[in-house]
Amino acid sequence: MVVINQMKNLNFGENNSPEISLNSNLKRWFSRNLGLWRSNRTYFLDEKQKTYNLCMNINIQALENKSEWESHYKFTWYPEKKYDFFEENPQFKETGEMRAFLKGHQLMRENFYLSKDQGISNIKQVDEHEMIFESSYHDWYILEHTRLVDLDNYRYRVIYSWNKNKLKIVENHHEIRIIK
């Protein structure tokens with residue numbers, strides 16, 4: 001696996017001026033994801049050779065921008081009900097919050113889902129409805145495909161997570177918009 005942004009360089013370019021790489025399609029795509037989502041998830045964990053099904057709620061909010069050239073977001077999540085999954089797999093966070101902002105074709109994260117470390121996710125646009133996020137931190141490499149479907153009322157996400165070049169976690173999320 002190739003480690004993305006090994007130097008963790010979060011300070012590139014000037015925050016007070018527009019960048020040529022500013023991508024309005026990316027900002028528009030993120031704005032289409034705002035709101036409360038019900039996330040029906042399937043996790044396959046390689047080490048346990050076990051599959052889990054659970055339902056989470058995800059709220060995606062736009063925050064006031066620190067810079068007029070950046071879009072800031074807050075992602076919060078919590079389970080629909082109590083699941084043994086979180087007791088059996090304490091590395092997964094039952095509830096949480098992540099703040100992030102767009103800079104060019106990257107999502108600058110204050111923290112990752114399985115870590116408190118800040119970092120960068122590189123973003124590739126497949127088409128107007130789908131984005132691919134590539135992230136790496138510690139010994140993890142994560143590849144996530146997120147696709148908006150049916151006038152943005154549904155999302156489908158598939159996430160592959162490798163640890164030390166071995167596929168450890170496969171996730172499928174079918175998400176239904178509850179509130180825009």
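Biologist: Among contacts in the chain between residues at least 6 apart in sequence, what share joins residues at least 24 apart?
Modeller: That share is 45%. Please bear in mind that this is a predicted model.

Biologist: How many helices and strands does the chain have?
Modeller: There are two helices and ten strands. Along the sequence they follow the pattern α-β-β-β-α-β-β-β-β-β-β-β.

Biologist: And what percentage of the residues counts as buried?
Modeller: Of the 180 residues in the chain, 46% count as buried. The accessible surface of the chain comes to about 10,000 Å², and carbon and sulfur atoms hold 50% of that area.

Biologist: Let us turn to the strands. How do β1 and β2 pair?
Modeller: Strand β1, residues 35-45, and strand β2, residues 50-63, pair in the antiparallel sense over eleven bridges. One of the residue pairs is Arg38 with its bridge partner Asn57 in β2.

Biologist: What lies between those two strands?
Modeller: β1 and β2 form a hairpin with four residues between them. In the turn, Gln49 has a positive phi of about 50 degrees.

Biologist: Which way does β10 run against β1?
Modeller: β1 and β10 run antiparallel, joined by ten bridges. Strand β10 covers residues 166-179, and there Ile169 stands opposite Leu45.

Biologist: Where do cavities come in, and how many of 30 Å³ or more are there?
Modeller: The count comes to three cavities of 30 Å³ or more. Of the 28 residues that line the largest cavity, Arg109, Tyr113, Glu144, Arg157 and Ile159 are the closest to its centre.

Biologist: What classes of residue make up that lining?
Modeller: The lining of the largest cavity has 17 nonpolar, five polar and six charged residues. Strand β9, residues 154-163, supplies the largest share of this lining, with four residues.

Biologist: What is the volume of the second largest pocket, and which residues line it?
Modeller: The second largest pocket has a volume of about 210 Å³. Its lining includes Leu45, Phe92, Leu114, Trp140 and Ile169, as well as Asp46, Glu47, Lys48 and Lys168 among others. By class, the lining of the second largest pocket divides into five nonpolar, three polar and four charged residues.

Biologist: What does Phe92 touch, leaving aside neighbours within four places in sequence?
Modeller: Phe92 is in contact with Tyr43, Leu45, Phe85, Phe86, Tyr113, Leu114 and Ile169. Phe92 and Leu114 are 22 residues apart in sequence, and their C-alpha atoms are 6.2 Å apart in space.

Biologist: Now for β5. Which residues point which way?
Modeller: Gln106 and Met108 point one way from strand β5, residues 106-109, while Leu107 and Arg109 point the other way. All four are buried. In a regular strand, side chains alternate between the two faces of the sheet.

Biologist: What are the pairing partners of β5?
Modeller: β5 runs antiparallel to β4, with four bridges between them, and also antiparallel to β6, residues 119-127, again with four bridges. Leu107 is the bridge partner of Leu102 and stands opposite Ser121 in β6. The hairpin of β4 and β5 has two residues between the strands, and Gly104 there takes a positive phi near 65 degrees.

Biologist: What does Glu97 touch, not counting residues up to four places away in sequence?
Modeller: Glu97 touches Lys74, Phe75, Thr76, Trp77 and Asn111. Thr76, in turn, touches Asn57, Ile58, Asn59, Gly96 and Glu97. Glu97 and Asn111 are 14 residues apart in sequence and 8.8 Å apart in space, C-alpha to C-alpha.

Definitions and conventions: Residues are numbered from 1 along each chain as its sequence is written. This is a predicted model: local features need pLDDT of at least 70, side-chain atom pairs count only at pLDDT 80 or more; totals for chains, interfaces and linings use all residues. Side-chain values use heavy atoms; hydrogens and water are left out. On a 1 Å grid over the protein atoms alone, a cavity is a set of points where a 1.4 Å probe fits but cannot get out, and a pocket is an open set with protein on both sides within 12 Å along at least five of seven lines; lining residues have an atom within 4 Å of a point. Grid points are joined across faces, edges and corners, and a volume is the space filled by probe spheres set on the points. Ala, Val, Leu, Ile, Met, Phe, Trp, Tyr, Cys and Pro count as nonpolar, Asp, Glu, Lys and Arg as charged, and the others, Gly among them, as polar. Two strands pair if DSSP finds at least two bridges between them. Buried means under 20% relative accessible area, exposed over 50%, partly exposed in between (1.4 Å probe, protein chains only). Contact means heavy atoms within 4.5 Å. Accessible areas come from the Shrake-Rupley method with a 1.4 Å probe; for residues, only the protein chains shown count as cover.
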